[in-house]
Amino acid sequence: IIFSLLLCRSFIFLGVYFHLLLQSHACGSLLNLPAAHWAVRGSSASGVGDTSEFLEMSPGTINPTQIDNSYAALGDDGLQEFAKSLLRSPTVGRVRSLDLGGNQITASGVQYLCELLRNLPKLEVLDLRDNQIRTGLAQLLLEVPFRRLRRLDISVNGIRDDGVRSICLTLLKGGVLEELELTDSGLTPHAGYALAAALRTNRSLRVLKLGFGSLRDRGIADLANALKASNRTLTDLDISDNSLGNEGCEAVAGYLSHPQCQLTFLNVSVNNIGLEGAQCLARALQVSPRLATLDLGCNPVTLEGALSIIRALRVSPALRDVDLCTCGLDNECADVLLEAVQSNPRLTRISLYCNDDIDPLHAEKIGEALKLNQEAFLMQQVVSRRRKKVAVVCGIVAAAAMAALAARLLLSAGRR
């Protein structure tokens, strides 16, 4: 009997846990514990003084697992002092996130960065955006064993193709890296080829941002073909402003239409996609199984190409958010778009900025239709959450009934 009661209580606690877990997914987070994620910021002239003072406080009063010292004008000398201050902290081994973006760190300062990072065994997020590391990245990746690193932002550092090759030979070869940001890194088609070779075997990367480069059709086609061949983990891809034309767009469309494609976000804005590329993309959108967000803004797709894309929105199985800014749409496109929004309730957001040939009345009608879709989507989410709660309650009741039945059987056996 005691065993049955304990079993029943365990099932009840388990049900309550799953109930709270579902609520956490609905509301954003289960617990709000800001004390466990301190942001360390330097505000002195060198960006070091306040940080040093902060880190030398009593270790029982703070827990610096997230350190943000971005845009503090450190420079290489300031980075050396910052590294020394952090290494003196007794909690240095607990740091999980480090942001040193915008600090004018050069290749000469990488040695201090290596010394610091070797003593952060639990580091999962490293943000080095908007520095001048350049060729120093190879030294950093060779000297520091990033065993737990899940997110790396090395954007705007001028690492070029050699830096990408270093990343492919270290972080993307095995490892656990999930997010890689290489925006404005001076990449050419050779970088696309290196990334393609690495992604054929990589099984961890989910987010790849390659915007503001020069990958062109060749580099993007290599990348898309590699992803289509074997990659089943990538969900977010940003190849905006890479001189992508019709040829490369055809390869991207082939990847999108593959039944095993996992992409949910694709940014191909500010490229050279014309009529042929738009038509290939339209055919892919009709069958793409998971793509929910597409940014096609600032592309010369022509009116015919725009109409092809819009007609594809009617039957797209997953698209919810589409950006068609500066695509030369007119009132005819707006009429077809209104029909697409009304016939596909999944569409909840469409951006039409800088399409001056669409008059306000047509834009207002599209906005009203999108609002109805948004309300229906939110209602569907509420119903889905309620069904999950009902399932949890039913599970608890069933567990309690089973425990009571087990108790009765045990009691009956004891009397016999």
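**View 1. Salt bridges in the predicted model, with the pair Glu178 and Arg150.** The count of salt bridges in this predicted model comes to 13. In one of them, the side chains of glutamate 178 and arginine 150 meet, with 2.9 Å from N to O. Glutamate 178 sits in the loop between helix H6 (160-169) and strand E5 (179-181), and arginine 150 in the loop between helix H5 (136-143) and strand E4 (151-153), so the bridge ties together parts that are 28 residues apart in sequence. Glutamate 178 is partly exposed, at 22% relative accessibility. Arginine 150 also counts as partly exposed, at 36% relative accessibility.

**View 2. The salt bridge between Arg206 and Glu179.** The side chains of arginine 206 and glutamate 179 meet at 3.6 Å, N to O. Because arginine 206 lies in the loop between helix H7 (189-199) and strand E6 (207-209) while glutamate 179 belongs to strand E5, this pair ties together parts that are 27 residues apart in sequence. Arginine 206 has a relative accessible area of 31% and is partly exposed. For glutamate 179 the relative accessibility is 22%, which again counts as partly exposed.

**View 3. The salt bridge between Arg314 and Glu339.** Here the distance from N to O is 2.7 Å, between the side chains of arginine 314 and glutamate 339. The two residues are 25 residues apart and link distant parts of the chain: arginine 314 is in the loop between helix H11 (302-313) and strand E10 (321-323), and glutamate 339 is in helix H12 (residues 331-343). Arginine 314 is partly exposed at 33% relative accessibility, and glutamate 339 is partly exposed at 43%.

View 4. Side chains of opposite charge can pair when their charged atoms come close.

**View 5. Helix H9 and what covers its buried residues.** Helix H9 spans residues 246-256, and eight of its 11 residues are buried, so the helix is largely enclosed by the rest of the structure. The buried residues of H9 are Gly248, Cys249, Ala251, Val252, Ala253, Gly254, Tyr255 and Leu256. Their cover includes helix H8 (216-230), strand E8 (265-267) and helix H10 (275-285).

Terms used: Residues are numbered from 1 along each chain as its sequence is written. This is a predicted model: local features need pLDDT of at least 70, side-chain atom pairs count only at pLDDT 80 or more; totals for chains, interfaces and linings use all residues. Side-chain values use heavy atoms; hydrogens and water are left out. A salt bridge is a side-chain nitrogen of Lys or Arg within 4 Å of a carboxyl oxygen of Asp or Glu. Helices (H or I, at least four residues) and strands (E, at least two) are DSSP runs, numbered from the N terminus. Buried means under 20% relative accessible area, exposed over 50%, partly exposed in between (1.4 Å probe, protein chains only). Contact means heavy atoms within 4.5 Å.
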